[in-house]
Protein chains: 2
Amino acid sequence: MDAHKQLTIGLFGFGVVGEGLYKVMHQTPSLNASIKRICIKHPGKKRNAPEELFTTDKDELLNDPEINVIVEVIDDSEAAFQIVSKAIRNGKAVVSASKKMLAEHLAEVLEMQQTTGEPFLYEAAACASIPVIRNLEEYYDNDLLHSMKAIVNGSTNFILTKMFEDKLDFKQALILAQQLGFAESNPKLDVEGYDAVNKWTLLLAHAYGILDNPNNIVFTGIHNIQAGDAVVAKEKNYHIKLVAQAQKLLNGKVAAFVLPQFVKNDDHLAFVRNEYNGVVIESGFADKQFFYGKGAGSFPTASAVLSDISALRYQYRYEYKKLYHHHPHELTHDFFVKVYISFDDLKYVPKESFEWVEEWHAMEERKYLVGVLPFRELAEKTWWRENNNSLILSPEPVIEDIEIRKLKKKSLELAGLFDWN
Amino acid sequence: MDAHKQLTIGLFGFGVVGEGLYKVMHQTPSLNASIKRICIKHPGKKRNAPEELFTTDKDELLNDPEINVIVEVIDDSEAAFQIVSKAIRNGKAVVSASKKMLAEHLAEVLEMQQTTGEPFLYEAAACASIPVIRNLEEYYDNDLLHSMKAIVNGSTNFILTKMFEDKLDFKQALILAQQLGFAESNPKLDVEGYDAVNKWTLLLAHAYGILDNPNNIVFTGIHNIQAGDAVVAKEKNYHIKLVAQAQKLLNGKVAAFVLPQFVKNDDHLAFVRNEYNGVVIESGFADKQFFYGKGAGSFPTASAVLSDISALRYQYRYEYKKLYHHHPHELTHDFFVKVYISFDDLKYVPKESFEWVEEWHAMEERKYLVGVLPFRELAEKTWWRENNNSLILSPEPVIEDIEIRKLKKKSLELAGLFDWN
C-alpha cells in the first residue's frame with residue numbers, strides 16, 4: 001500500500017462498534033478512508049446508514065479488488081476467523097476487534113500473514129481505547145520488561161466496584177451492569193474470566209513473544225467471590241480486582257495468570273474503578289508506567305479501530321519483535337503464590353497442598369486462610385474454584401522457586417506450634 | 001539505515017543520564033548497539049567507564065563515519081544545538097534529551113532534518129519514561145484530539161505534594177527536593193515554570209502541529225503560591241498542581257498555557273503525587289486516556305533514550321503528521337479563564353479587567369477573589385504574577401468566547417447588587 005493511499009474499507013458487522021465506527025469516520029474526514037460496503041448477518045433491520053451499503057454476501061467485500069482494507073467487528077469468533085483468513089489470503093490489510101478469535105487463532109493468523117505481508121492490526125481487541133498493544137510493540141520492545149499487571153475487563157471491574165462502594169451484592173451489581181450496557185445479556189464470558197484471559201493471551205504475545213492458547217493460562221472470574229471476602233478486604237484496606245498479571249522470573253521464564261487479587265489502596269490498579277481498564281507496566285529502568293482509559297463500549301472500541309485504520313495509511317504493522325527478533329519467553333508454572341481462600345467447609349480445601357499457612361480465621365459462616373501454594377496446584381487442580389471456595393491472590397502474590405525454602409523456614413519459625421484446626 | 005543494523009553510538013554527556021544510559025545498555029545486549037565514544041566537557045574526573053572511551057573533542061564523534069547515531073544528553077542547550085545540527089548535517093541519526101534546546105530550536109532542527117531524512121528522536125525530553133510523544137505521533141494522529149492536560153515537571157509536583165501533605169512551607173519543600181535529587185541546585189528553571197513550558201512546546205508540536213516559541217505560551221511556575229492558597233484549596237477539596245493544558249476551541253484554534261491550577265480530588269491529575277508525571281489526553285471518541293510514570297531522574301530518562309535507540313533499529317522516525325499532513329492548528333489568546341487570585345493589597349489587582357467576580361474573601365492577612373478574565377490579560381499583562389499576587393486557575397478554567405455573554409449575564413443575575421469592596 002502506498003503512503004497516504006486512499007483506504008477503501010469493507011466493514012463486517014454493524015452492531016454497536018460497527019455503527020460507532022461509521023459515525024466516527026464521518027467526523028474524521030482527514031482520514032482519507034471510506035467505507036464502501038458493509039456485510040451484515042440479518043438484513044431488513046432499520047440501520048443508521050444508507051441501505052445500498054449493506055449486503056449479506058461476504059464475498060462482495062472479500063473479492064472486491066477495490067476494497068483494500070477489511071475491518072471486522074463481529075461477535076462470532078469462528079465466522080471472524082473465516083473472514084480474516086480469506087481477507088489475508090486475498091492480500092488485504094485487516095483490522096479486527098475480535099479478541100476471542102485472535103486469542104484462539106493468533107498463531108495461524110500470523111503464519112498466513114507471513115506469506116502476504118499485509119498489515120493485520122487489532123488494538124481494539126485489548127483494553128479498547130488504551131493503546132497498550134502499540135506501546136508494547138513500539139516502546140517496550142526490548143528485553144527490559146519485568147512485569148505487567150492489568151484490569152482488562154470493564155464489566156467485572158464495574159461489578160466489583162459496585163459491590164465495594166455501593167454495597168450491592170453480586171447479582172444486583174450484575175443486573176446494574178447489564179442495564180447500563182457494561183455486561184452482555186449472557187455474562188458468562190465476562191464474569192467467569194474468559195474475556196480477560198483472551199485479552200491477556202494477546203498481550204503476552206506482544207509483551208513477551210509468548211504464543212500460547214488461552215486454555216494454557218490459569219484463570220478464573222469473579223463469580224466465586226463472596227460478600228464475606230469484601231468484608232475481609234475492607235478490614236485489610238484492600239480492594240478486590242480481577243487482575244491479569246505476568247512477571248518475568250529469575251530463570252527468565254514468565255509467570256502469567258488472570259485471577260481475583262487483593263489490591264492495596266495505593267496500588268495504581270486501585271485507581272481503576274467502574275468500567276475502566278488500566279495497565280501497569282514495569283520495566284527495568286523506567287519503573288512503573290500506568291495507562292488508564294475506557295476499556296469497552298461502542299465509541300472507545302471504535303476509536304481504537306479508527307487508530308488502526310489511521311496507522312494503515314503509513315503502512316504500520318506489528319513487528320512481533322519479541323517473537324521474531326528476540327528469544328521468545330516461555331510460560332512456566334514453577335513458582336509459588338500467596339493466596340487467600342475462603343470456604344464453607346474445610347474438607348474442600350486440601351491442607352497438604354499448602355507449603356505453609358500464615359493466617360486462619362473462622363467467622364460465623366465462612367472461614368478463610370492465607371497460605372502459600374505451588375502454582376501448579378492452580379494449574380492442575382480445580383478444588384480452588386469448586387464447592388463454594390473463593391480464592392483471591394495476595395498483593396504481590398508471586399514467590400520465586402528459589403526463595404521458597406528460606407521463606408518457609410522463616411514462616412514456620414514465626415508460626416511456632418501452629419495448629420490449623 | 002538498514003533494518004536491525006548495528007548501531008554505533010557517539011554519546012555526548014556523562015552526567016546522571018549519560019551514565020545511566022551506559023549502565024542500561026550494558027544490561028540490554030539484545031539492542032545490538034554499542035557506545036564507541038563519549039564526549040565530555042571536563043576531562044580527568046573519575047568515571048565508571050573505561051577511560052579510552054572518553055574524549056573532549058566533539059569532532060571525534062561527529063566526523064567518525066563508523067558512528068551512525070549521536071546521542072546527546074548534555075545540559076548546555078546552545079552546545080546541544082550545535083552538536084545536533086552538525087550530526088544531522090553529517091547524516092547521522094540523533095537522539096536527544098535536551099528539552100530547552102528542542103523547544104527553542106525545533107523549527108530549525110526540522111528544516112535541517114528535512115534535507116537529510118535521518119531520524120531525530122527525543123522522547124526523553126518530555127515526561128521522561130512516559131511515551132507521550134510516541135503516542136501522540138502514532139496513536140492520536142488524527143484530528144480528534146480535543147484536549148490534553150499534564151503534569152510535566154516532577155520537581156514542582158514534588159514540592160506541591162510536600163506542601164500539601166506534609167505541611168512543609170515552600171522553602172522547606174524545595175530544600176527536601178534538592179536533597180533527594182528532584183530539583184537542581186539552581187531551581188529557577190523548574191520552579192518558575194521554564195522547564196514545563198519547554199516540554200509543553202514540544203508536545204504542542206506533536207499534538208496539534210503547533211510550532212511555536214515557548215515565549216509565546218503563557219506560563220508561570222509555583223513560586224508565587226502562598227500557604228494561604230493551600231488552606232483555601234483544602235477547604236474546597238482541591239489540590240494545587242502546576243498544570244500544562246491545551247484545548248481545541250470551537251473555532252478550531254488551540255488554547256494552551258502552563259499555570260498553577262486547582263485540581264479536583266477525583267481528577268486524574270490528583271493521582272499524580274511527588275516527583276511523578278501524568279498526562280490526560282481527551283480525544284473525540286476514546287474519552288479520557290491517562291498516562292502516568294516517572295518524569296525525571298537518571299534511569300527513567302535513560303530508559304526513554306534507550307527506547308529511542310531501540311526504535312532506530314527499525315528506522316522509526318516522527319512523521320509530524322499534524323504539521324505536515326493535516327492543517328496545523330494555531331494558538332489563540334481569544335478565550336476566557338476562570339481564576340482564583342490571592343493578594344496582599346487590592347490595589348495590585350485591576351478590577352476593571354475582570355468580566356465578573358464570583359467570590360470574594362477577606363482573610364486576616366491575605367484576600368482572594370474568584371473571577372473571569374480574558375486570557376489576553378494574562379498574555380499581555382504581568383500584574384497577575386507581581387507584587388505577591390498568586391494566580392491559580394479554577395478546575396475546567398477555559399471559557400469559550402461564544403459562551404461568555406450568556407455566562408456573564410447569568411453570573412451578574414446571581415450576584416445581584418454585588419459590591420466587591
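This is a predicted model: local features need pLDDT of at least 70, side-chain atom pairs count only at pLDDT 80 or more; totals for chains, interfaces and linings use all residues.

Tutor: The domain assignment divides chain A into domain 1 (7–125), domain 2 (134–293 + 320–324) and domain 3 (336–415). Taken over C-alpha atoms, the centres of domain 1 of chain A and domain 2 of chain A are 28 Å apart. Contact between these two domains involves nine residues of domain 1 of chain A and nine residues of domain 2 of chain A. On the domain 1 side of that contact in chain A, five residues are nonpolar, four are charged and none is polar.

The helix to look at is α3 of chain B, residues 77–89. Its 13 residues, at 1.5 Å a residue, should span 18 Å, and this agrees with the 18 Å between its end C-alpha atoms. The buried residues of α3(B) are Ala80(B), Phe81(B), Ile83(B), Val84(B), Ala87(B) and Ile88(B). Viewed down the axis of α3(B), these buried residues fall within an arc of 165°, so they line one face of the helix.

Several elements of chain B cover the buried residues of α3(B). Among them are the strands β1 (7–12), β4 (69–72), β5 (93–96) and β6 (120–121), together with the helices α2 (59–62) and α4 (99–116). After α3(B) comes Gly91(B), which has a positive phi, near 75°.

The wider setting is the contact between the two chains. There, 41 residues of chain B are in contact with 41 residues of chain A. On the chain B side, α5 (132–138), β12 (287–294) and α11 (298–312) each supply at least two residues. By class, that side of chain B has 18 nonpolar, 15 polar and eight charged residues. Strand β12 of chain A (residues 287–294) is joined to β12(B) by three bridges, and the two strands run antiparallel. Within this pairing, Phe290(A) has Tyr292(B) as its bridge partner in β12(B).

Notes
Residues are numbered from 1 along each chain as its sequence is written. Chains are lettered from A and ligands numbered from 1 in the order in which they are written. Domain bounds come from an automatic or database domain assignment. Two residues are in contact if their C-beta atoms, placed from the backbone, lie within 7 Å. Ala, Val, Leu, Ile, Met, Phe, Trp, Tyr, Cys and Pro count as nonpolar, Asp, Glu, Lys and Arg as charged, and the others, Gly among them, as polar. Helices (H or I, at least four residues) and strands (E, at least two) are DSSP runs, numbered from the N terminus. Two strands pair if DSSP finds at least two bridges between them. The expected span of a helix is 1.5 Å times one less than its number of residues. A residue is buried if 20 or more other C-beta atoms lie within 10 Å of its own, exposed if 12 or fewer, and partly exposed in between; C-beta atoms are placed from the backbone. The arc is that of the directions from the helix axis to the C-beta atoms.
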